[in-house]
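Here is a friendly walk through one model, helix by helix and residue by residue. Have a look at the structure first, and then we can go through it together.

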Amino acid sequence: MLNIDEPAHLQPKVALFRLGFRPFFLFASLFSLLSLGIWGGLLSGKSLLPSTLNPLWWHGHEMIFGFVCAVVAGFLLTAVQNWTGRPGVKGLPLAGLFLVWLLPRLLFILPFNIPFVVIMAIDLLFLPLIAVLLAISVIEVRQWRNFVFIPILSLLTLFNGVSYYGLMTNQLNWMNNGLYGAVILVAVIVALLGGRVIPFFTERATQWQKQAPIPAIEFVSFASLFALVLSLFFTETLLTRLLAGVAGVVLLFRWSRWGWRASWPVPLLWSLHLSYLCIPIGLGLIAAGLPLSVGMHAITVGGLGGMILAMMSRVSLGHTGRTLTPPRPMALAFALILCATVLRVLAGLLSTRFIELMLAAIALWMIAFGCFCYCYGPMLCRVRADGRPG
């Protein structure tokens, strides 16, 4: 891990805004608890949302563009410092970015009578700002390998706009395609970063020896995922199923070469491996012809939610100057998010038990991310344990 040394007087006084992972990891996790609490209340017949807001759209949009994209932003704003050797965004600029993310989350659910288009405009600004900041650092050092995240963030903004368009024109297909397309794009980010860090972490923590990636497999993995995104906008479901099957098989083969058998003694490893595995499993469910929502929720809850929980746990330890040994409750949290995935998939398959299974899945998610907030909240709000910047 690269550390950027700066004089103490140049460090923000508020530790929360000393590096991107701090506010976004903590408040994205807190927001997931709030939003799923509201969603669980709605499923139980108690709506806390404004009557003018589509609750189904709000749930999908806020979990993807509110929760997931905040964590992605926090990770990238932190990682780019390691990649380029340039200091990351901190202090007032970071607080400003955080506010751009936070405002739409609050304005959607609080009765401020702000025009919807204003909320939409603020929300659509967030990811482009992250992309610009990444581009400045990457271009300055000509590190083209990491430039790939800029077009992905731009596409995520496009799909966010598509979901808004579907909502405002009352076109369910456009609304869903925007959200589902964003899910697969985030899965691309997870697959890309997972291929870099999971084998590396496994080799560092075990006796397993990392294998060199197979270029053809890497190409097919990402080509099939991008093609899957495009296929969502066609009415031909057979094409979507075929591409999901190809992507699932290739991603599964890719994962099988990352030393998963050596990961079981280390919670920070098996949590990464099993969460990543949920992505090809979800793609397999789509390929099998099950409802699209079932496969997508295997990807979102287990693949994205589980990977986020595991990566936040590791990154937060490393970047706050602590040893890579998570607090004891986190092993339980990693297991609970995987159990939540199983329950959410079953909820989509067993219509007679939908509400009970959904509420159980929500409860497990909330316990898992509640553990993260309890264990890591104090770390994220305090200066590094080793006294270094960041």
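## Where H6 meets H9

In this predicted model, helix H6 (residues 172–205) and helix H9 (residues 267–287) have axes that come within 10 Å and cross at roughly 145°. The handedness of the H6 and H9 crossing is left-handed. On the H6 side, the contact is made by Ile184, Ala187, Val190, Ala191, Ile198, Phe201, Thr202 and Ala205. H9 answers with Leu269, Leu272, His273, Tyr276, Ile279 and Leu283.

What is the contact of H6 with H9 made of, by class? It has 12 nonpolar residues, 2 polar ones and no charged residues.

## Helix H8, inside and out

Helix H8 (residues 237–256) has 20 residues and reaches 28 Å from its first C-alpha to its last, close to the 28 Å expected at 1.5 Å a residue.

Is Thr240 buried or exposed? Thr240 counts as buried because its relative accessible area is 8%, under the 20% cut-off. Leaving aside neighbours within four places in sequence, Thr240 is in contact with Leu228, Ser231, Leu232 and Ile286. Glu62 is 178 residues away from Thr240 in sequence, and the two are 25 Å apart in space, C-alpha to C-alpha.

Val246 also has its place in helix H8. Here the relative accessibility is 35%, so Val246 counts as partly exposed. Val246 touches Val220 and Ser224, not counting residues up to four places away in sequence. From Val246 to Ile109, the separation is 137 residues in sequence and 40 Å in space, C-alpha to C-alpha.

## Helix H4 and its partners

Helix H4 (residues 116–140) has 25 residues, and from its first C-alpha to its last it reaches 37 Å, close to the 36 Å expected at 1.5 Å a residue. The buried residues of H4 are Ile119, Met120, Asp123, Phe126, Leu127, Ile130, Ala131, Leu134, Ala135, Ser137 and Val138.

Which helices do the buried residues of H4 pack against? They are helix H1 (21–43), helix H2 (55–84), helix H3 (91–109) and helix H5 (149–168).

Most residues other than glycine have a negative phi. Arg142, which follows H4, has a positive phi near 55°. Arg142 sits in the loop between H4 and H5 and counts as exposed because its relative accessible area is 64%.

Asn170 is found in the loop between H5 and H6, and its phi is near 60°, again a positive value in a residue other than glycine. With a relative accessible area of 71%, Asn170 is exposed.

Let us finish with Tyr374, which lies in helix H12 (residues 354–380). Why does Tyr374 count as exposed? The reason is its relative accessibility of 68%, which is over the 50% cut-off. The C-alpha atoms of Tyr374 and Pro329 are separated by 9.5 Å, although the two are 45 residues apart along the chain.

How values were computed. Residues numbered from 1 in each chain as written. Predicted model: local features only at pLDDT ≥ 70, side-chain atom pairs only at ≥ 80, totals over all residues. Heavy atoms only, no water. Axes fitted to C-alpha atoms, helices over the stretch in contact; angles between N-to-C directions. Helix = DSSP H or I, 4+ residues; strand = E, 2+ residues; numbered from the N terminus. Left-handed = near helix turned anticlockwise from the far one by under 90°. Contact = heavy atoms within 4.5 Å. Nonpolar A, V, L, I, M, F, W, Y, C, P; charged D, E, K, R; others polar. Expected span 1.5 Å × (residues − 1). Buried < 20%, exposed > 50% of the residue type's maximum accessible area, 1.4 Å probe, protein only.
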